[in-house]
Amino acid sequence: VRTWQAHGVDCDAVFSPTQLKCLTSSEDGTAKLWNAVTAECLHTLQHLTGSTSCAVISAVFSPSGTEILTASIDECAKLWCSETGKCMQSLRHTSVVSVAKFSSDGSTVLTACEGEAGGLGLGVVKTWSTDTWQCQREFWGHGA
């Protein structure tokens with residue numbers, strides 16, 4: 001059993017597919033990639049609006065473990081390289097992104113947010129192709 005200080009505020013955590021790394025996300029505006037054996041922080045992934053940190057609601061690994069997907073209150077989901085910690089893609093919404101997940105084969109990303117339907121308070125789910133990073137479909141209708 002290993003214990004370490006990941007973030008200063010509430011956080012969530014997941015293991016990589018190999019279970020050699022873990023990923024934490026926090027209200028402090030970061031997701032952190034850790035070596036699960038040594039507890040060394042490998043990368044800090046930050047969501048910013050200007051110079052202000054925005055809470056990272058969730059973070060997940062791709063099925064291959066080579067990419068990381070984060071969801072944030074900054075109205076976007078971001079794709080990161082797990083080896084370099086560099087942001088490779090931003091998926092924009094017009095409201096808080098509360099969920100970002102990969103499909104089991106890694107070919108599609110699903111994102112969900114609150115209250116995006118023209119101020120009607122209806123949430124939207126979007127699917128994105130990981131080949132083109134274009135939005136494929138939008139599903140409307142969940143309330144806040």
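Tutor: The account below begins with the nonpolar core and then turns to a loop residue and the cysteines. The model is a predicted one. Its largest nonpolar core has twelve residues: Val60, Leu69, Ala71, Ala77, Leu79, Leu91, Val97, Ala100, Phe102, Val109, Trp128 and Trp133. Two or more of these residues come from each of β8 (67-72), β9 (76-81) and β11 (97-102), and β11 gives the most, with three residues. A second, separate core has nine residues, including Leu23, Val56, Phe61 and Trp80. In soluble globular proteins, nonpolar side chains tend to be buried together.

A polar residue is also of interest here. Ser82 lies in the loop between β9 and β10 (87-92) and is buried, with a relative accessible area of 1%. A polar atom of the Ser82 side chain lies 2.9 Å from the backbone oxygen of Gly65. Residues up to four places away in sequence aside, Ser82 touches Lys21, Leu33, His43, Gly65, Thr66, Glu67 and Ile68.

As for the cysteines, the whole structure contains zero disulfides. Cys54 is buried, at 8% relative accessibility, but its closest cysteine sulfur, in Cys76, is 8.4 Å from its own sulfur and therefore too far for a bond. Cys41 is partly exposed, at 30% relative accessibility; the closest cysteine sulfur to that of Cys41 is in Cys22, at 9.6 Å, which is likewise too far for a bond.

Definitions and conventions: Residues numbered from 1 in each chain as written. Predicted model: local features only at pLDDT ≥ 70, side-chain atom pairs only at ≥ 80, totals over all residues. Heavy atoms only, no water. Core = buried A, V, L, I, M, F, W, Y, C linked by side-chain atoms within 4.5 Å. Buried < 20%, exposed > 50% of the residue type's maximum accessible area, 1.4 Å probe, protein only. Helix = DSSP H or I, 4+ residues; strand = E, 2+ residues; numbered from the N terminus. Polar contact = N/O pair within 3.5 Å; in protein donor to acceptor, adjacent residues only side chain to side chain. Contact = heavy atoms within 4.5 Å. Disulfide = S-S within 2.5 Å.
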